[in-house]
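Please read it with the structure open.

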Amino acid sequence: MASTSSSDVLILALGVALAALYLFRDSLFAASKPKITSSATKSLDDTDGNPRDFVAKMKAGNKRLAIFYGSQTGTAEEYAIRLAKEAKAKFGLTSLVCDPEEYDFETLDTVPEDCAVFFVMATYGEGEPTDNAVQLMQNLQDDSFEFSKGGRDLSGLKYVVFGLGNKTYEHYNVISKYVDNALEKMGATRMGVRGEGDDDKSMEEDYLEWKDGMWEAFATAMGVEEGQGGDTADFAVRELESHPAEKVYLGELSARALTKTKGIHDAKNPYPAPLTVARELFQDPKDRNCVHVELNTEGSGITYQHGDHVGVWPSNPELEVDRLLLALGLYDKKDKVINIDSLDPALAKVPFPVPTTYATVLRHYIDISALAGRQMLGTFAKFAPNPEAEAAIKELNTNKEIYHKIVADGCLKAGEVLQIAAGNDIRAIPTAENTTAWPIPFDMIVSSIPRLQPRYYSISSSPKLHPNSIHVTCVVLKYQSSPNDRVPERWVYGVGSNFLLNLKHAANGEETPLISDSGVANTVVPTYAIEGPRGAYRQENIYKAPIHVRRSTFRLPTNPKSPVIMVGPGTGVAPFRGFVQERVALARRSIEKNGPDALADWGRITLFYGCRKSNEDFLYKDEWPSYTSELKGKFVMHTAFSREPPYKPDGSKIYVQDLIWEQRESVADSILNGKGYVYICGDAKNMSKAVEEVLAKVLGEAKGGSAEEEGAAEVKMLKERSRLLLDVWS
């Protein structure tokens with residue numbers, strides 16, 4: 001037997017010791033582990049415990065109000081912020097302004113008794129919640145959803161509701177009504193009446209009429225008195241003596257645009273798309289214009305589907321930029337670099353990138369071309385340059401009838417109101433000599449005038465035919481204001497459409513009249529800084545427009561056998577051009593694969609189109625015959641020309657709804673027997689309602705009943721089953 005060496009024994013002993021240490025490691029080293037104590041545990045009341053608990057955030061920040069906004073375009077968010085500011089100014093109460101998408105609602109039943117919750121809710125599309133309010137609505141309407149204490153009891157909750165809608169739509173303000181009814185059903189107490197703003201008339205006036213009564217009821221329910229707050233600024237504006245020029249925003253819409261770094265292009269980072277085509281669509285454009293623009297998206301990563309919308313980010317016209325700079329006494333230092341800080345980031349975030357310049361803010365970032373709001377004028381009155389100007393602007397602020405007559409009917413912007421109040425002539429090109437300066441702090445301008453928003457257009461092309469190009473069909477908005485004793489009749493120009501018209505002129509090297517022979521402002525096409533910040537939107541003779549794509553549910557049925565009825569007079573035809581192109585692309589592939597009879601079992605695609613005259617404003621007049629040919633007769637177009645014969649027997653004009661009635665048998669057959677789909681695009685106020693009424697009449701008659709009962713029920717069912725879809729505006 002071999003003898004064991006001392007080294008072997010040592011190795012064996014070491015192995016046994018290591019094994020023992022491993023086996024008994026928990027008990028041997030327990031004392032070295034930190035003990036978990038209650039002080040180390042985060043409770044749900046701590047905001048670090050659950051960042052989606054809005055009640056915990058309210059408590060942590062000593063906020064007595066939570067204001068939720070359901071917003072698709074930013075308007076509801078603006079009103080939510082206004083309510084928060086007013087609560088602070090009137091009562092000294094601070095608020096948590098909340099995007100409902102970022103919070104959970106299980107703790108809605110734990111809101112303290114001395115607190116309240118506001119809901120500022122927009123209704124979107126066909127009675128739908130905005131994208132960021134979908135989960136909130138599901139929680140409120142789902143009877144199986146329970147709050148943190150179990151059940152659905154909100155008897156201790158005090159709340160306020162303000163809705164944003166448009167009466168031209170069938171489901172006017174239904175989301176705010178749903179919220180109100182659901183909260184009331186669960187025992188919550190509403191303070192004041194439910195507010196309803198109508199964007200078709202004046203959202204601003206509806207808000208102003210509602211808020212005073214609401215605040216009275218609020219003060220009583222909350223046990224607070226007005227006068228406990230005070231006027232406090234939202235922002236601090238500082239002029240910078242030195243700052244690297246390359247780090248100053250001169251109209252760039254994102255940090256990536258400033259630093260020229262790559263990234264996803266969306267609403268927060270629009271893509272400067274080169275214009276490859278820009279042409280006039282009207283055959284006789286002497287009084288009106290309609291622009292067709294093709295935007296190149298190759299290499300941008302942007303994709304789209306037929307029926308989507310493209311957002312175009314315009315700038316304000318140079319005339320209005322100069323006017324407001326002069327009215328604020330800032331023209332001589334318009335290029336001064338400024339930084340803007342929020343004094344309460346939870347309440348008011350700086351709405352655009354900084355540092356920037358005075359001129360850039362007015363040109364690119366805030367909507368100085370919008371109608372001047374009545375409430376805004378009260379803020380400006382404190383800084384009037386003389387007693388006469390103060391009295392004039394106070395009258396516009398306090399007298400609703402005078403405001404409507406002078407400002408609303410006169411379509412006056414903020415700069416124009418300041419000129420009118422000071423006795424200046426707004427018809428003249430503004431200069432330092434003819435424009436009185438108001439010492440309004442610039443932070444108040446930023447607080448009072450909303451952010452300049454993109455203008456959305458239905459995309460008029462299909463990615464199947466144009467994968468790297470987005471087509472826009474835009475009628476140029478230009479109309480005359482109503483004259484009054486202070487403001488003469490004058491031309492008013494839409495910002496987005498005239499921005500595109502400027503781009504068309506520049507891209508084609510066309511001359512545009514800049515100043516009339518009389519030297520009077522507002523008699524010619526406004527000009528814009530279309531070359532963009534640092535010339536970013538121009539490359540030699542190629543101009544660019546900053547864009548992003550917004551998704552839509554306005555889609556063709558996937559099965560081409562389903563009949564399709566499209567109603568789109570005027571520029572309402574835009575998405576249907578994309579629809580037809582989509583079917584043309586599918587037809588080409590089908591015929592290539594299955595032969596010339598591949599479309600035999602396809603459903604018919606019918607377009608009802610209308611305009612004034614066949615030789616004046618017939619959009620894409622030369623294209624439709626080729627689509628009819630490629631679709632082997634499956635595409636049929638019916639046209640109504642309202643200002644040329646034939647007319648009705650009584651001499652009245654023929655519109656698209658009249659064409660639908662003429663074709664009622666085939667329309668009813670396509671919908672009732674063919675299970676077809678109906679699409680309406682265009683004016684919501686008159687056309688869309690008229691088309692729905694005639695559809696109810698057609699379907700009611702086909703079912704042997706009336707338009708009011710059987711027809712209305714059929715139209716309602718079509719909407720519920722997404723077989724009647726609308727893309728309309730007012």
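1. Basis. This is a predicted model, in which local features need pLDDT of at least 70, side-chain atom pairs count only at pLDDT 80 or more, and totals for chains, interfaces and linings use all residues. Residues are numbered from 1 along each chain as its sequence is written, and side-chain values use heavy atoms, with hydrogens and water left out.

2. Helix 9 and helix 10. Helix 9 (residues 318-327) packs on helix 10 (residues 358-365) at about 140 degrees, with axes 10 Å apart. Helices are DSSP runs of H or I with at least four residues, strands are runs of E with at least two, and both are numbered from the N terminus. Axes are lines fitted to C-alpha atoms, for helices over the stretch in contact, and angles run from 0 to 180 degrees between N-to-C directions. Helix 9 and helix 10 are therefore oblique to each other (under 35 degrees is roughly parallel, over 145 roughly antiparallel, 65 to 115 roughly perpendicular, the rest oblique).

3. Their contact. Glu 318, Val 321, Leu 324 and Leu 325 of helix 9 meet Tyr 358, Ala 359, Leu 362 and Arg 363 of helix 10 (contact: heavy atoms within 4.5 Å). Six of the contact residues are nonpolar, none polar and two charged. Ala, Val, Leu, Ile, Met, Phe, Trp, Tyr, Cys and Pro count as nonpolar, Asp, Glu, Lys and Arg as charged, and the others, Gly among them, as polar.

4. Helix 5 and helix 6. Helix 5 (residues 134-141) and helix 6 (residues 174-185) pack at about 35 degrees, their axes 9 Å apart. Met 137, Leu 140 and Gln 141 of helix 5 touch Ile 175, Tyr 178, Val 179, Ala 182 and Leu 183 of helix 6. This contact has seven nonpolar residues, one polar and no charged.

5. Cavity. How many cavities of 30 Å³ or more does the structure hold? One. A cavity is a set of points on a 1 Å grid over the protein atoms alone where a 1.4 Å probe fits but cannot get out; a pocket is an open set with protein on both sides within 12 Å along at least five of seven lines; lining residues have an atom within 4 Å of a point. The largest cavity has about 90 Å³ of space, where volume is the space filled by probe spheres set on the points, joined across faces, edges and corners. Its lining includes Trp 313, His 364 and Phe 499. By class, eight lining residues are nonpolar, four polar and none charged.

6. Of its 23 lining residues, Arg 256, Ala 257, Lys 260, His 265 and Pro 272 are the closest to its centre.
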